[in-house]
Amino acid sequence: MANKETMTVNMGPQHPSTHGVLRLVIELDGEIIEKVTPHIGYLHRGVEKLSEHRTYHQTIPLTDRLDYLAPMSNNLGYVLAVEKLLGLQIPERAETVRVILAELTRLKSHLVWIACHALDIGAMTVFIYAFREREKIMELYEKISGARMTSNYFRVGGLSSDVYPGFEKDVQEIIDTFPGYIDTYEGLLTKNTIWLQRTIGNGIISAEDAIDAGITGPALRGSGVDWDLRRDNPYTGYEKYSFKVPVGEKCDTFDRYKVRLIEMREAIKIVSQALKNLKPGPILADAPQVVYPSKESTYNSIEGLIHHFKIASEGFPVPEGEVYQGVEAPKGELGYYIVSDGGNKPYRMRVRPPSFVNLSAIEKMAKGAMIADLVAVIGTLDIVLGEIDR
Amino acid sequence: MAENNRAVIKLKERFAADIVEVKEFRGEVTVTVKKENIVEICNFLKTTLAYNLLTDVTAVDYLGQEPRFLVVYNIYSIPNKDRLRVKAQVSESDCSIDTVTKVWSTADWLEREVFDLFGITFNNHPDLRRILMTDDWVGHPLRKDYPLQGPDREPYKGRLS
């Protein structure tokens with residue numbers, strides 16, 4: 001009679017492969033995983049509660065801190081939701097800059113994914129290369145918004161300031177150099193025997209199960225579901241750009257890896273189309289009750305100063321109603337559901353975090369796998385705890 | 001118009017007695033229903049109308065109104081690429097609703113979060129525990145009568161006051 005007793009192992013909350021403060025309680029039968037129970041909430045900061053006590057503009061910096069690896073995508077989803085509530089049209093230049101930055105953010109987030117995912121499985125070189133390249137996007141972030149990570153750059157109605165002189169040149173340099181970098185990562189991994197053995201057949205989840213579990217983004221496309229919000233429910237002018245939506249076949253970690261790599265190449269294509277599309281023009285909507293006046297007017301005229309003060313202190317009223325705005329963030333569908341009671345603060349602001357829902361599928365994906373493969377499953381889901389715990 | 005929405009037409013045929021209100025705002029259709037048949041309604045939306053992805057489950061607290069809570073289901077149809085919002089009324093005196101985990105398993109964690117932060121019980125939920133707050137936490141932080149600074153503390157008056 002074989003011994004059927006299982007062993008319980010605690011992984012995290014302080015563990016390098018859990019990508020933050022995630023705790024997993026694993027029940028093991030030898031080395032085979034019988035059950036995984038995630039425990040989350042260690043990073044809960046109450047963003048939703050806080051936003052009910054802040055004006056609409058004051059909530060934007062809170063959204064940076066959700067998925068801190070892709071702050072501009074969070075800003076984008078939030079400002080789009082508020083603009084939808086207001087029924088605001090934003091100028092074309094602002095839309096184009098938003099698309100460029102959202103796609104560079106995707107690139108930046110996927111670089112962290114490939115770096116940490118590869119490092120977890122034992123390929124250290126990729127980690128160092130990817131972080132070196134990520135620095136170039138961080139520098140662009142810093143030049144444009146003043147911060148490397150918490151950008152707080154988009155505003156309701158447009159952008160906080162126009163892009164700096166030389167922005168086009170910097171973006172062009174990224175467009176020119178990044179395909180070569182991605183070739184390097186592929187060269188290091190795609191035919192690497194260890195990488196293939198660790199990823200092929202790992203964390204399989206069928207298309208049906210993936211939809212049932214609510215997985216979105218590249219993890220869902222890796223399971224063969226051809227669905228991308230940028231193409232299917234376009235926002236902020238994505239309908240103007242042509243790009244491919246990569247889809248996997250075998251529903252495993254390797255296919256999700258391939259999907260994300262193609263996505264990085266497609267992101268570069270979108271950026272280069274958008275850069276050609278970038279024409280001079282206003283960066284803020286023509287809605288004085290909502291957007292800040294120009295700095296010139298704030299500093300040089302009493303009307304401008306009063307105007308600025310009024311929006312900064314009081315905010316702006318938003319019509320009563322409720323909207324949901326989903327955007328294709330690097331990790332999946334990021335949604336903002338805002339209920340307004342007609343005041344200057346959201347009555348309720350709900351963030352639908354992609355990582356939270358994707359992580360809930362881990363039980364299904366890791367069951368029956370070896371314990372060493374669990375880090376590959378966490379890596380392929382591409383989670384970030386700032387967004388899960390909010 | 002909301003009346004021409006494909007889901008609204010079918011829902012009105014099938015669940016006329018349960019529908020409280022149909023509203024359209026900024027192109028988004030919201031159907032408010034009574035909570036008794038929520039599982040049947042969700043099952044119908046999923047199987048007959050192909051709303052196969054449960055995007056989100058959350059709640060809104062309308063303190064001082066009756067019913068106090070609305071549980072909000074944001075659903076999406078991948079084949080038809082459209083969204084629908086279903087809201088179910090939950091009163092404070094009977095603060096519970098049936099779980100939809102049998103329809104979409106996504107609801108598992110999302111409902112746990114609503115339970116944790118709003119204190120709405122989901123009947124027949126397989127694993128209803130707190131998820132973001134600690135197990136021994138008292139109160140439900142996203143309720144409107146829960147103070148921002150936490151219980152038993154002086155309200156924060158700003159740095160300069």
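## A strand hairpin in chain A

A hairpin connects strand β6(A) to strand β7(A), with two residues making the link; like everything described here, this hairpin belongs to a predicted model. The two strands, residues 321-329 for β6(A) and residues 332-340 for β7(A), pair in the antiparallel sense over nine bridges, and within this pairing A:G321 stands opposite A:S340 of β7(A).

Strand β6(A) is mostly covered, since nine of its nine residues are buried. From one side of β6(A) point A:G321, A:V323, A:Q325, A:V327 and A:A329, while A:E322, A:Y324, A:G326 and A:E328 point the other way, and the residues of both sets are all buried.

## Two helices of chain A

Two packed helices are described by the angle between their axes and the distance between the axes. For helix α4(A), residues 92-121, and helix α11(A), residues 253-277, the axes come within 9 Å and cross at roughly 155°. Because angles over 145 degrees count as roughly antiparallel, α4(A) and α11(A) are described as roughly antiparallel to each other, and the crossing of α4(A) past α11(A) is left-handed.

On the α4(A) side, the contact is made by A:T96, A:V99, A:I100, A:E103, A:L104, A:R106, A:L107, A:H110 and A:W113, which meet A:R260, A:E263, A:M264, A:A267, A:I270, A:V271, A:A274, A:L275 and A:N277 of α11(A). Sorted by class, the residues of this contact are eleven nonpolar, three polar and four charged.

## An enclosed strand in chain B

Strand β5(B), which covers residues 82-90, is largely enclosed by the rest of the structure, because eight of its nine residues are buried.

## An exposed proline in chain B

B:P151 is found in the segment that follows β7 (121-123) of chain B. This proline, B:P151, counts as exposed because it has 9 C-beta neighbours inside 10 Å, and a residue is exposed if 12 or fewer lie within that distance. The C-alpha atom of B:P151 is separated by 11 Å from that of B:W137, a residue 14 residues apart from B:P151 along the chain.

Notes
Residues are numbered from 1 along each chain as its sequence is written. Chains are lettered from A and ligands numbered from 1 in the order in which they are written. This is a predicted model: local features need pLDDT of at least 70, side-chain atom pairs count only at pLDDT 80 or more; totals for chains, interfaces and linings use all residues. A residue is buried if 20 or more other C-beta atoms lie within 10 Å of its own, exposed if 12 or fewer, and partly exposed in between; C-beta atoms are placed from the backbone. Helices (H or I, at least four residues) and strands (E, at least two) are DSSP runs, numbered from the N terminus. Two strands pair if DSSP finds at least two bridges between them. Axes are lines fitted to C-alpha atoms, for helices over the stretch in contact, and angles run from 0 to 180 degrees between N-to-C directions. Angles under 35 degrees count as roughly parallel, over 145 as roughly antiparallel, 65 to 115 as roughly perpendicular and the rest as oblique. A crossing is left-handed if the near helix is turned anticlockwise from the far one by less than a right angle, and right-handed if clockwise. Two residues are in contact if their C-beta atoms, placed from the backbone, lie within 7 Å. Ala, Val, Leu, Ile, Met, Phe, Trp, Tyr, Cys and Pro count as nonpolar, Asp, Glu, Lys and Arg as charged, and the others, Gly among them, as polar.
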